[in-house]
Each structure stands twice: as C-alpha cells, then as structure tokens.
Amino acid sequence: MERLKKKYHDLSLRKAFILTVLVTFCIVVVLSGLCIWGCIVFRRYLLPDSNEVFLTIEVSDTEGNSTKLGGWRVGLGEERAPCPLFFVEKDGKPVIKNYDLASIETTITKVENSYDMLSPKRKLAYQGCGVLMIALPAIFSMAGILLCGFFFYRQKLNRPLKLLSEATEQIADKNLDFVLSYEANDEMGNLCRSFEQMRHALDENNRELWKMIEQQKMVQSSIAHDLRNPIAIIEGYAEYLQMNLKTGHLTMDRILQISENMDKTAKRLEQYTESIRAINQLDEIEISRAQIPVEKFIADVIEDLSFMAAGQKIRLDRIGEIPKGLVWIDASILYRVLENILNNALRYAKETIHLSFEMENQTLTISVMDDGIGFSEEILKNKNRLLMPVSSEEGHSGLGLTISRLLCKKHDGRLELSNHSSGGATVKIIVGV
C-alpha cells in the first residue's frame, strides 16, 4: 500500500488527475450497476413473472373442418397430453366428437401479471425503484466528481501549496533560516525545490551582505583606530607651535624639524587613504575558479617569483616535494596574493626566502618564510584585524598583507601570520575547496 501511495505521490499532475478520474469513473459505474441490478431484483420481487400460460388447441375432423378449442390456463412444465375426445355444442347440446390426433395444433400464450394487481404500498415501492434506477447513477456521478476533486487536491496540491505559502510568509518576515522540503517527483515537488534553491541563494546573498557590512565596520574601526595617532601627532604639533611661537622661544631649526615631522605624518595619512581606496576596489573583483594541475601551477609560480627575488638579490628556495593532483582555484587571484606576500618578504629578507607547498583533500597550503626580523608584536597582536597597523617606515603601511587577506577571504581561504623559530616571518596562504 505504501508503495502505491509513493508511486501516486510521484506521478505528474496530469497523469495523477487522469488516473483519479478513471478510478472514480469505474467506481461510479460499478455502484450504479449494482444499484440498478438491485432495483430490478426488488421490482421482480414485487411483481414476479407468472408461471402460467394459456393453452389453445386447433383440431380438424375427418371431414376437414377445423375447430379452435381453449384456452386452458396451465402451469409451465405440466405434462398434459391433448385428449382425442372433446365436448362440443351442437344445437345447444354437448356432443362428443372424435378428432384425428395427427391434426392437432397447439398455441401457448404467456400470462403476464398486471401492475394493477399490486397493493398501494407495493405500487409505491415499484415506482420508487424506477426513480432510483435513474437518480442513483446521477447522484453517484456528482459525488464522484466532488470526491475526485477533493482527493486530488488533498493528495497533490494541499501540502505543497501550504509549504509554499508558509515559506513566502517567512521570507516576507525577513526570515531565511528555514528549509523547504517536499519529497515528490511531480511538478509541485520541482516547484518546491526551485523555491528552496531561491531561498538558499537569498540566504547566501544575505550572509554575503552581512559579511560586507561587517567588513565595512571593521574598515571603519581600523580607520578610526589607525588615524587617531597621526591626527593626534599633528594636533599636538599644532598646539605646540601655537603656544611657543608667541613667546619667540622656538628656533628656526626647531620649527623646521616640527614642520618636517608634520609633513611625514601627513604623508602617512595620504598613504593610508590611498590604501583604503585600493581596498574598496577589491569588491569589484570576481572569483573565477578552475580545476588545474597543482604541479604545473607551482612550477609557474616558482619560475615567476624567482625573477622577482633575483632582482632584489635574494635567493628563493623551495622546501619539500611538489604535490600532485588537481586543485580548484582562481590562479590569477592566487598569483596576486603570492606577489604581495613575496614583495613584503623581499622588503625584510636578508638573504633567503623559503617556499613550501602542501596539498591535502584538494586544499593547497603555500608557506612563505623569510630570514628577516619577523613580524612586530603589534602586527602579531592585531593579525586578525582587517587592516594592518601602519608602520613608521616610509612606503610600507601593511597594504600588501591587507589586500592578500581580503583576496584569500573572497577565495574562501585564509591568511595566517607568524614568526618561525629562527626569528623570520612566516605567511601561510590556505585556499582550495
């Protein structure tokens, strides 16, 4: 029974409707036939067929004269042979006449019972059966149409329409934290699955939107935090000048020194605003993944980065073996991340930069290690911030690390910062599935 329900549940709407109509039609025909047959049986009970007949005999005498005799009312099945001697009237007197048996011809007429012979109650019942033989098939047909529609709606439309209505109300209430599940292989099942895909896409877009909002909040927080120091320095110098210029205690050398410091601080602010503009442009970058051989990708990366290191007279060494297999990445984005990380490493490396590659479960991990002074305590303390702390070194504001981290996030990966045991900096790029 459950298998039949499952098969009906998975039928298309058109096939399920046709099947429901055919089954209903067969039930209506059977019920109507049974009712008509019952009415006919009951009417025969009220007015049964007669078991008697009229027997008429025609005979001829030896002179060739024919005479009809009868009729007698006899029961069917009675054995009664015609008698050769019959009483006939002649001149008002009965006369026995002898007939030739070979000339006898018989005629049988069926006796029909009459409706007029019934009692009033039986007449009413007899007429009622005639009415029922016409009315009941009509009633069964109307009831079959209603039940067919109700059954089809209840089995094929009621639940999916209710689920879709509830899902629509949830979305209208800005709630996407639900799952629309309707297991059927018909059109309504396909519609529910399409609706669930739309809900999932809306939920993902909503999550991405919240990520963007959180990212903007982090940017704003980083801006407020990192701009506070240079602004405070400029304000401090401005107050210092206002207080001491009036007294004339400042020498020209001191004024030039303050002016030079204020100029450096202003340039740091300019570089920082340029970094923010570059970060905002990353939102327009689209990730386009492709399945590529990791061995070829690593070979190309090492060849390209070796030229960059050679230009800075830094040796680029590979540690460990090159993994094999396929990885699902955006090669151009990963190239850009590696270039930023390598540029940052080249700025601090003394002689050598080490590269290592590992792949597990289609996740690629690239480690870039230099032999420089390593990351400062401030950077390691704030390594999970979106924007790196601004360095006092001219031309370096942590922009490369910030862009690399954002690109890794857009690639569903991450960037990890640390210092290795020898004191140099280590940056791990983790991307893949």
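**Close-up views of a predicted model**

**View 1. The kink in helix α3.** Helix α3, which covers residues 120-172, has a kink of about 50 degrees at L157. The kink lies shortly before the proline P160. The model shown here and in the other views is predicted. Just after α3, K174 takes a positive phi of about 65 degrees.

**View 2. The five-stranded open sheet.** The sheet is open and mixed in its pairing, with the strand order β7-β9-β10-β12-β11. Strands β7 (315-319) and β11 (414-419) are at the edges; each has a single partner strand, so one side of each is left without a neighbour in the sheet. From one strand to the next, the twist averages 20 degrees.

**View 3. Pairing of β7 with β9.** These two strands run parallel and are joined by five bridges. D317 stands opposite H354 in β9.

**View 4. The hairpin of β9 and β10.** Strands β9 and β10 pair in the antiparallel sense over eight bridges. I353 has D370 in β10 as its bridge partner. Two residues lie between the strands of this hairpin, and N361 takes a positive phi near 55 degrees.

**View 5. Pairing of β10 with β12.** Strand β10 spans residues 363-370 and strand β12 spans residues 425-432. Seven bridges connect β10 and β12, in the antiparallel sense. The bridge partner of T363 is G432 in β12.

**View 6. Helices α6 and α7 against the sheet.** Helix α6 (residues 294-311) packs on the sheet and touches β7, β9 (352-360) and β10. The direction of α6 makes about 160 degrees with that of β7. Helix α7 (residues 331-348) lies across β7, β9, β10, β11 and β12.

View 7. The elements giving two or more residues to the lining are α1 (2-10), α2 (13-46) and α3. Helix α3 supplies the largest share of the lining, eight residues. Sorted by class, the lining of the second largest pocket has 13 nonpolar, five polar and two charged residues.

Methods:
Residues are numbered from 1 along each chain as its sequence is written. This is a predicted model: local features need pLDDT of at least 70, side-chain atom pairs count only at pLDDT 80 or more; totals for chains, interfaces and linings use all residues. Side-chain values use heavy atoms; hydrogens and water are left out. The bend at a residue is the angle between axes fitted to the seven residues ending there and the seven starting there. Helices (H or I, at least four residues) and strands (E, at least two) are DSSP runs, numbered from the N terminus. Two strands pair if DSSP finds at least two bridges between them. Axes are lines fitted to C-alpha atoms, for helices over the stretch in contact, and angles run from 0 to 180 degrees between N-to-C directions. Contact means heavy atoms within 4.5 Å. Ala, Val, Leu, Ile, Met, Phe, Trp, Tyr, Cys and Pro count as nonpolar, Asp, Glu, Lys and Arg as charged, and the others, Gly among them, as polar.
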